[in-house]
Amino acid sequence: MRHGEKEAAVRRLLDTPHPPVPAGLGARAAERGGRVRRRRRALRRAGGVLAGIAALGFALWAAEARPWEAPPAATTPPFAGP
């Protein structure tokens, strides 16, 4: 199908009468969109709070455990003195 034929087919489709739209469709769509937006915002906030709690927990654990320090030796090294 060439470009001109495609354009003619689209024009024929657009020239036909449009199907009827149910009453209140816009209001229902807006209401549903509001619910989706509020749910996403709540999930984003909950995720942020959980991430903050996890970061705080990690910081407290790291301050107490100090994983960057070498563990104390289990035995003392042999004495090679005079």
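R11 and E7 both belong to helix α1 (residues 3-15) and sit 4 residues apart, about one turn of the helix. In this predicted model, their side chains meet in a salt bridge, with an N to O distance of 3.0 Å.

The two partners fall into separate accessibility classes. E7, at 35%, counts as partly exposed.

E31 and R35 are 4 residues apart in helix α2, so about one helical turn separates them. R35 is partly exposed, with a relative accessible area of 38%.

## Salt bridge between R66 and E69

R66 and E69 form a salt bridge in which the closest N and O atoms are 3.5 Å apart. R66 counts as partly exposed at 42% relative accessibility, and E69 counts as partly exposed at 43%.

## Nonpolar surface patch

V49, L50 and I53 make a nonpolar surface patch of about 310 Å². One of these residues, L50, lies in helix α2, which covers residues 25-65. L50 has a relative accessible area of 58% and is therefore exposed.

Technical notes: Residues are numbered from 1 along each chain as its sequence is written. This is a predicted model: local features need pLDDT of at least 70, side-chain atom pairs count only at pLDDT 80 or more; totals for chains, interfaces and linings use all residues. Side-chain values use heavy atoms; hydrogens and water are left out. Patches are made of residues with over 30% relative accessible area and no salt bridge: like charges are joined within 9 Å, nonpolar side chains (Val, Leu, Ile, Met, Phe, Trp, Tyr) within 5 Å. Accessible areas come from the Shrake-Rupley method with a 1.4 Å probe; for residues, only the protein chains shown count as cover. A salt bridge is a side-chain nitrogen of Lys or Arg within 4 Å of a carboxyl oxygen of Asp or Glu. Helices (H or I, at least four residues) and strands (E, at least two) are DSSP runs, numbered from the N terminus. Buried means under 20% relative accessible area, exposed over 50%, partly exposed in between (1.4 Å probe, protein chains only).
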